[in-house]
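I opened the notebook to log one pass through this structure.

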Amino acid sequence: MNTADFIESLDTQGQLLAAAAEKAGPDAEVPTCPGWQVRDLLRHTGVVHRWATAFVTAGHTEFHPEPDEPDLDGEALLAWFREGHTLLVAALRAAPEDLDCWTFFAAPSPLVFWARRQAHETAIHRVDAEAALGTAFTALPVEFAADGVDELLRGFHARDRSRVRTGEPRVLRIRATDCEQAWTVRLSERPPRTGLGMDGSPHAADCELSGPAERLYLTLWNRLPHSAIAVSGDEALARLWRETSQVV
């Protein structure tokens with residue numbers, strides 16, 4: 001996917017999130033984010049959008065903390081969310097290809113990083129809004145979902161913050177059955193190290209999670225249960241992922 005694709009996805013996912021949140025109402029519980037109501041979802045995602053916009057527009061080359069959540073609710077909160085989402089999309093579309101600013105894991109460029117990260121941030125929280133509404137999730141393109149799996153495995157969980165660790169070396173394979181993409185995740189006492197492809201024989205993994213890219217994406221982000229995909233081999237590694245993979 002290219003930068004324009006990510007920005008278009010961000011635009012679409014943000015509009016879907018707002019529409020679902022409006023229908024669900026601010027008091028609705030978000031089952032995919034225990035303890036949250038829709039107002040918490042809007043405040044969180046809206047803050048992240050404004051935080052990202054500041055890096056893109058101001059070119060901050062060092063970390064800056066997220067702004068405080070607004071003391072807004074109801075229609076005012078929804079309008080604030082929509083405004084921030086619109087500003088982020090506009091900032092990314094106007095940003096130069098050689099944008100120089102802070103990022104928190106490797107990417108081809110800062111512009112690609114922020115467009116991709118915010119597209120997936122918004123897509124996952126759109127799923128949360130639809131879960132609160134109680135409707136079927138809006139389908140994601142296969143390419144976008146597979147890219148989201150890649151970002152999670154080779155971006156977020158390549159960082160020292162990842163808590164997905166094992167006392168002895170183990171291998172977890174992730175395989176998308178609808179686009180023939182696979183990732184081999186090597187687990188140890190250190191942060192996971194993920195390579196593209198099968199990385200060895202088809203039977204070299206201790207556990208394999210397989211299924212359509214969209215189901216893998218939502219399962220690995222803990223928005224669907226592992227029953228949504230196929231789990232073969234040592235199921236303890238699937239449980240380890242669910243229990244320790246929350247992004248912090």
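The entries below cover a helix, the aromatic rings and the cysteines.

**Entry 1: the model.** I noted at the start that this is a predicted model.

**Entry 2: helix α2.** I began with α2, which runs over residues 38-58. I wanted to know what its 21 residues should span.

Next I asked how many of the 21 residues of α2 are buried. The count is 15, so the helix is largely enclosed by the rest of the structure. I also checked what follows α2. Gly59 comes next, and its phi is positive, near 65°.

**Entry 3: aromatic pairs.** I ran the ring search with centres within 6.5 Å as the cut-off. The search gave 18 aromatic pairs. I picked out Trp102 and Trp114, whose ring centres are 6.5 Å apart. Their planes make an angle of 45°, so I logged the pair as tilted.

Where do the two residues lie? I placed Trp102 in the loop between α3 (74-94) and α4 (110-133). Trp114 is in helix α4 itself. The pair therefore ties together parts that are 12 residues apart in sequence.

Trp102 has a relative accessible area of 19% and is buried. Trp114 is at 0% and also counts as buried.

**Entry 4: the aromatic cluster.** I found Trp102 and Trp114 again in one aromatic cluster. Other members include Trp51, Phe55, Phe63, Phe156 and Trp221.

I followed up on Phe63, which sits in the loop between α2 and α3. Is Phe63 buried or partly exposed? Its relative accessible area is 49%, so I wrote it down as partly exposed. Leaving aside neighbours within four places in sequence, I list Trp51, Phe55 and Trp102 as its contacts. I also took the C-alpha separation of Phe63 and Leu41, and got 23 Å. Those two residues are 22 residues apart along the chain.

**Entry 5: cysteines.** I searched the whole structure for disulfides and found zero. A disulfide would need the sulfur atoms within 2.5 Å.

Cys179 is partly exposed, at 24% relative accessible area. Cys33 is buried, at 10%.

Conventions
Residues numbered from 1 in each chain as written. Predicted model: local features only at pLDDT ≥ 70, side-chain atom pairs only at ≥ 80, totals over all residues. Heavy atoms only, no water. Helix = DSSP H or I, 4+ residues; strand = E, 2+ residues; numbered from the N terminus. Expected span 1.5 Å × (residues − 1). Buried < 20%, exposed > 50% of the residue type's maximum accessible area, 1.4 Å probe, protein only. Phe/Tyr/Trp six-rings, centres within 6.5 Å; stacked < 30°, edge-to-face > 60°. Contact = heavy atoms within 4.5 Å.
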